[in-house]
Amino acid sequence: MSWKRIWVMFKARNYEFFRDKAAFGWNFLFPFLIIAGFAITFGERDFSGYKVGVFPSVTEKVDFSRTNLPEKFRRTEHLQFIGFPDLAAGLEKLRHHQIDFLVRQDSTTPQYWQLGASPKGDLVERLFQAGFVKEQSGFGIKELVPGTEIRYIDWLFPGILGMNMMFSALWGVGYVVVRYRKNGVLKRLKATPLTAFEYLTAQAVSRFFLLIFTLIVVWIGADLLFSFHMVGSYFDLLVVFSLGGLCLTSIGLLLAARGTSEEFTSGALNFLAWPMMFLSEVWFSLEGAPQWVRHFAEFLPLTHLLRAARKIMNDGASLAQVGTECLALIGVTLVCLVLGAALFSWNE
Amino acid sequence: MSIPMLEVRNLVKRYREVEAVAGISFAIRPGICFGLLGPNGAGKTTALEVIEGIIPPTSGEILFSGAPRTASFREEVGIQFQHTTLLDFLTVRDTLVTFRNLYRDAESLDYLVELCSLQEILGNMNNKISGGQSQRLMLALALLNKPKLVFLDEPSTGLDPQARHHLWEIVRSIREQGKTIVLTTHAMDEAEYLCDEIAIMDHGRIIAQGSPVDLVHRHCGGTIISLPRENVTIPLAGIPLPLREVNGLLEITVERIDLGLETLLGLKIDLSEMTVHSPDLEDVFIHLTGRKLRE
């Protein structure tokens with residue numbers, strides 16, 4: 001094995017990455033755009049509860065001065081009241097799920113409309129009915145959870161970083177190596193003393209370096225904009241993301257071990273990436289999902305990466321406390337690297 | 001007798017039902033330019049890539065300097081492929097430096113840049129150079145490691161006449177330095193200009209081998225008179241001269257042109273649109289296969 005040859009190929013791949021301005025820019029812009037989009041959607045909007053249509057109302061802002069709606073219902077938190085001039089206008093919005101519940105405010109007998117299949121409508125109906133019942137005082141013991149609230153964006157941030165890492169690793173290695181094989185770049189390299197092991201090592205190390213570089217730049221940029229909540233150690237988090245980066249890169253190498261069809265590789269990469277996108281808790285928690293879905297998610301490396309990252313970021317866990325997740329990532333890395341190296345072909 | 005630089009014995013390459021290389025054998029003396037000449041699909045590139053170690057043989061033996069190829073083979077040979085590309089976002093200079101660093105012992109970059117006329121494109125990205133410039137860069141890469149043996153697979157394919165002749169001159173200068181060259185081509189003028197020895201391939205087999213002059217003498221002595229087939233109205237058996245029909249033309253080989261023309265005029269054959277030429281490798285190929293090289 002020659003370290004000089006590995007270094008040469010490492011540098012060549014990095015030149016490619018940094019000089020391909022479109023791909024380079026996208027690697028940084030993509031996570032920023034997603035984080036910014038979610039911050040705007042879920043962070044700056046005042047209301048995230050249920051929408052109740054009220055008619056008749058001259059304006060969209062409902063005038064409750066001559067309403068028959070119970071005050072307790074009107075004062076319920078997390079309800080947004082939207083005024084409609086008549087029943088038809090309200091029903092139109094209800095049918096399109098733009099509101100969850102529709103109520104007439106000028107009748108003495110309570111009269112309301114809801115969609116049969118809407119769980120939100122069911123909940124608002126209960127709140128509406130409870131509005132007519134006198135509140136019981138001293139029912140149960142209410143305690144507020146102490147500490148800083150973890151915003152959705154704080155929970156989402158590691159998911160976006162992990163997802164960006166996954167796409168960059170799978171496509172940046174898997175797709176690129178197959179393209180090189182198809183257009184003859186690998187064949188040209190095979191004509192030199194470079195060995196498959198040296199080439200794969202250079203590819204893996206280069207991608208790992210680029211992943212961590214991108215991660216740090218995106219982290220700093222996003223943190224300046226959104227001030228993320230970080231409880232644990234930055235070093236521990238770097239270790240976890242490094243293991244995750246190696247793991248995802250090794251999967252990319254395994255997928256790129258053979259084949260010259262970019263279409264097939266793209267399909268295979270999507271087949272692998274999309275389950276991780278939805279089942280590894282990038283966007284939402286799997287709490288409440290069917291048991292088999294949660295079992296399946298345990299086989300996805302991104303699940304372990306994100307779980308460990310969130311434990312460190314949001315809960316302040318140490319490396320020892322995310323040992324299981326780290327071991328899972330190391331295990332997948334080793335299996336993929338060994339298989340990828342054994343199956344690798346320069347031109348088949 | 002010196003040990004051949006390269007010796008191939010009963011080389012076979014089979015892809016399922018297709019036998020791309022059907023048991024070829026040859027030996028190449030050090031310092032010569034050896035050509036594998038044949039039409040597209042003859043098996044030249046497959047044979048070359050098996051010899052280069054890019055694809056494995058089905059059977060057969062390949063000896064380099066009298067011994068089987070070892071791991072050091074790649075340090076000692078230079079390869080230019082027919083179809084290959086380089087990393088898009090590296091400059092020509094980066095590419096030369098990158099490949100140079102893959103070898104233990106490498107040629108001076110200044111020398112190669114001058115030899116292959118790359119001075120003006122050193123700062124260009126690989127995806128921004130012309131076909132001719134790309135071929136010269138590929139040739140420079142093949143020479144980076146001071147190879148004893150250089151493989152060139154159809155080096156002038158796709159080049160305009162000027163670029164083609166420029167490339168030929170470079171190949172000749174390499175040959176003059178004492179390097180052994182193996183090249184494939186389907187252009188007989190290229191083979192005649194560059195090669196000391198030629199093996200003509202067809203359907204995976206070598207059908208003739210020798211120097212260009214020998215091959216022409218052996219298979220197509222004399223002069224060739226070509227006539228449109230429709231000029232001849234008598235039965236062909238009535239012409240007492242060796243002849244063949246190729247793509248609507250009748251080619252008649254004669255020892256002496258004056259006697260040949262006399263015979264044809266005596267048979268009242270219309271000689272309008274007649275051409276006369278000395279035989280070349282194209283005629284050798286036609287003589288051996290009944291087809292033209294580019295068919």
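**View 1. B:Arg16 is an exposed residue, with 5 other C-beta atoms within 10 Å.** A residue is called exposed if 12 or fewer other C-beta atoms, placed from the backbone, lie within 10 Å of its own, and buried if 20 or more do. B:Arg16 sits in the loop between strand 1 (6-15) and strand 2 (18-28) of chain B, and has a positive phi of about 50° although it is not a glycine. Strands (E, at least two residues) and helices (H or I, at least four) are DSSP runs, numbered from the N terminus. The model is predicted, so local features need pLDDT of at least 70 and side-chain atom pairs count only at pLDDT 80 or more, while totals for chains, interfaces and linings use all residues. Residues are numbered from 1 along each chain as its sequence is written, and chains are lettered from A and ligands numbered from 1 in the order in which they are written.

**View 2. B:Glu273 lies in the loop between helix 9 (257-266) and strand 14 (275-277) of chain B.** Its phi is near 65°, a positive value in a residue other than glycine, and B:Glu273 is exposed, with 11 other C-beta atoms within 10 Å.

**View 3. A cis peptide bond joins A:Phe55 and A:Pro56.** Omega is about -5° at this bond, and A:Pro56 belongs to the loop between strand 1 (50-55) and helix 3 (71-74) of chain A. Most peptide bonds are trans, and most residues other than glycine have a negative phi.
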